[in-house]
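I opened my notebook to write down, step by step, what I looked up in this model. I wanted each entry to say what I checked and what I found.

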Amino acid sequence: MDTIAKGEEGVAVVIPVHNRPTILQETLVYVMRQTLLPNKLIIVDDGSSDDTASQAEDWLKANAGSVDWMLIRNSHSGAAIARTTGFKEIGDLQYVAFLDSDDHWPTDFLERCVANLEASPDAVLAITERKYRILADEMPQSSGGAEIVANPIPWLFEHGAGITSCSLLRTSSVRKVGGWPIRLSSEVADDSEFFCLLSLEGPWAFAEGEPVLFHIGNAVERNESVNLSRKYADRDLRWARSHEDLYQKLLKLDPSLKTTRLKKSLADRWYRAGKHCHKVRDWSEARSCFRRALYWNSQKWIYWKRFLKSGFKG
């Protein structure tokens, strides 16, 4: 594999935000505490209906110091378009990080990831470990890291692609895959498609060390905007549909991905979607979901049991 061409040395950070004035300012503190400061910091306000943008601008004027920053005001179009808008402004900087507005980096995150990418010139991205905080409680360190770099696509299908904030990407690799996919029918697969396509371009590097802290629930506590994927009551159904489409797209690019592991992952997601539909008494949709689970994995008896039982509902 050819070594990836270098752009202008340096790091850009892109943060999309929607209706999170206080949460964003807390996150910006962690960006400005980096032992390796970004060369450019771009905040994309995704059509906030409150004063998120003006508060962010005031904070940056007072605290950004020598960091080159930019605040972009977009109409409300979703995280993928916000990230794309910010990415267009990074120029030829060699690396880019897309940080969610409520996640916190350890102080050496950028320095550690850059060092790993420089040591692995064929790697398309560097990823760290992650840890979740649900309201005030920290969860045990999440699996990922070294496990995901060994085989990214199956891991993404099994665990989801909530790894954006703990990844540093080569700008050239992002451009090569066409940037963030923008789906009109479902926003829940944007990240999965993006990272799966990146995995086809080259290996990933694991930047061992302190994990990135992901927050769940603090936006609800403060009456600020919730995480995108959590706003959909039918997110399990959206996930199953969109990832089934993604699987077919990936097979066209790499037929070797036709594996039992990926099929089982799709079956499990359809089963979860069926259980949710059953819970909300959408019997017809539940039966359809259990049928799809059996299509992808006909060997699991619990799928058969739920499918047969669903025929007696409604």
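These entries go from helices to a loop residue and then to aromatic rings.

**Entry 1, helix α8.** I noted at the start that I was reading a predicted model. I then looked up helix α8, residues 190–199, and found that 9 of its 10 residues are buried, so the helix is largely enclosed by the rest of the structure. The buried ones are D190, S192, E193, F194, F195, C196, L197, L198 and S199.

I checked the length of helix α10, which has 19 residues (235–253): at 1.5 Å a residue it should span 27 Å, and its end C-alpha atoms are 26 Å apart, which agrees. I listed its buried residues, among them W239, H243, E244 and Y247. What do the buried residues of α10 pack against? I found that they pack against α6, α8, α11 and α12.

I located D102 in the loop between β4 and α4. Is D102 buried or exposed? Its relative accessibility is 4%, and since buried means under 20%, D102 counts as buried. I also noted that its side chain makes a polar contact with the side chain of R20, at 3.4 Å.

I searched the whole structure for aromatic pairs and 14 came up. In one of them, F98 and W180, the ring centres are 5.5 Å apart and the planes stand at 85°, so I wrote the pair down as edge-to-face. This pair links distant parts of the chain, with F98 in strand β4 and W180 in the loop between α7 and α8, 82 residues apart. I found both F98 and W180 to be buried.

I then turned to Y271 and Y303, whose ring centres are 5.1 Å apart with planes at 40°, so this pair is tilted. Y271 lies in helix α11 and Y303 in helix α13, so the pair ties together parts that are 32 residues apart in sequence. Y271 counts as buried at 11% relative accessibility, and Y303 is buried with a relative accessible area of 1%.

Conventions:
Residues are numbered from 1 along each chain as its sequence is written. This is a predicted model: local features need pLDDT of at least 70, side-chain atom pairs count only at pLDDT 80 or more; totals for chains, interfaces and linings use all residues. Side-chain values use heavy atoms; hydrogens and water are left out. Buried means under 20% relative accessible area, exposed over 50%, partly exposed in between (1.4 Å probe, protein chains only). Helices (H or I, at least four residues) and strands (E, at least two) are DSSP runs, numbered from the N terminus. The expected span of a helix is 1.5 Å times one less than its number of residues. Contact means heavy atoms within 4.5 Å. A polar contact is a pair of N or O atoms within 3.5 Å; within protein, one must be able to donate a hydrogen and the other to accept it, and residues adjacent in sequence count only if both atoms are side-chain atoms. Rings of Phe, Tyr and Trp (its six-membered ring) pair if their centres lie within 6.5 Å; planes under 30 degrees apart count as stacked, over 60 as edge-to-face and the rest as tilted.
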